[in-house]
Amino acid sequence: MVEMKDMNKYFGELHVLKNIDLTVEPGEVVVIIGASGSGKSTLIRCVNGLEEYESGQLIVDGHPLAPKGGNQKSLNAIRKEVGMVFQQFNLFPHLTVRKNIMLAPQKVKDTSDTVARATAERLLDRVGIGNQADKYPSQLSGGQQQRVAIARALAMEPRLMLFDEPTSALDPEMIGEVLDVMRELAKEGMTMMVVTHEMGFAREVADRVIYIHQGQIVEQGKPEEVFDNPQNERTQAFLSRVLAH
């Protein structure tokens, strides 16, 4: 589903991603962990072209995504197949929850109002807030808004879902309800790349955990391998800090 070979990304003089080699198989849940500023979010933002990389190779669901200034046709194809959920919910405040979800299929896939409405209501039920369809985002809790954002991404029927720290802006009591939706997606076989600080979720749901340090993949493996028996001293130091809290 995703293949990166020797991929490099810079912000000016800052070398943010260094020679990244990574593959994600269909149906796989890959969780990316690391300290703030390590390049985790930049990595998954490259997958749908929100960040352009400078060198190497990136292929998403069979579509080559060229380095900076590359193929717009491939980018358009990728964005129809890749859903993304951000730290902030990015909902349109002037639209109801239902209309927030209807908008993307209508604009991008030219879906009829009737089909888009039915899809929105089905997905709201799926994420557990079917009774909130006629409310506006400001009337919902943070956890509910993030579940709307997940439903909106799913409305495009993506083959891959990217999550960029989807619980970091939430109060602690709301984190669980969002992670529950993500657990269900994983059980249903959705291919997922997840950047998160929720180590319990990573241990439970991930097929593979990747630890990034200063723009490099330092260690990767099954959750029990990375969490219980990390081989790299940088991984050991990071986990000893985050798991102690």
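This is a predicted model: local features need pLDDT of at least 70, side-chain atom pairs count only at pLDDT 80 or more; totals for chains, interfaces and linings use all residues.
Residues are numbered from 1 along each chain as its sequence is written. Local features need pLDDT of at least 70, side-chain atom pairs count only at pLDDT 80 or more, and totals for chains, interfaces and linings use all residues, while side-chain values use heavy atoms, with hydrogens and water left out.

Helices (H or I, at least four residues) and strands (E, at least two) are DSSP runs, numbered from the N terminus. Strands E1 (residues 2–11) and E2 (residues 14–24) run antiparallel and are joined by seven bridges; two strands pair if DSSP finds at least two bridges between them. Lys9 has Leu17 in E2 as its bridge partner. Two residues lie between E1 and E2 in this hairpin, and Gly12 in the turn has a positive phi of about 65 degrees.

Most residues other than glycine have a negative phi. Buried means under 20% relative accessible area, exposed over 50%, and partly exposed in between (1.4 Å probe, protein chains only).

| Residue | Phi | Place | Relative accessible area |

The largest pocket has a volume of about 520 Å³. A pocket is an open set of points on a 1 Å grid over the protein atoms alone, where a 1.4 Å probe fits, with protein on both sides within 12 Å along at least five of seven lines; lining residues have an atom within 4 Å of a point. Grid points are joined across faces, edges and corners, and the volume is the space filled by probe spheres set on the points. Of the 19 lining residues, Arg79, Val82, Met84, Ala104 and Met156 lie nearest the centre of the largest pocket. Helix H3 (97–108) is one of the elements that supply at least two lining residues, and its five residues are the largest share.

A nonpolar core is a set of buried Ala, Val, Leu, Ile, Met, Phe, Trp, Tyr and Cys residues joined through side-chain atoms within 4.5 Å. The largest one has 49 residues, and Phe163 is among those that touch the most other members. Helix H6 (residues 172–187) gives the largest share of this core, eight residues. Apart from it lies another core, of 29 residues, including Leu17 and Leu65.
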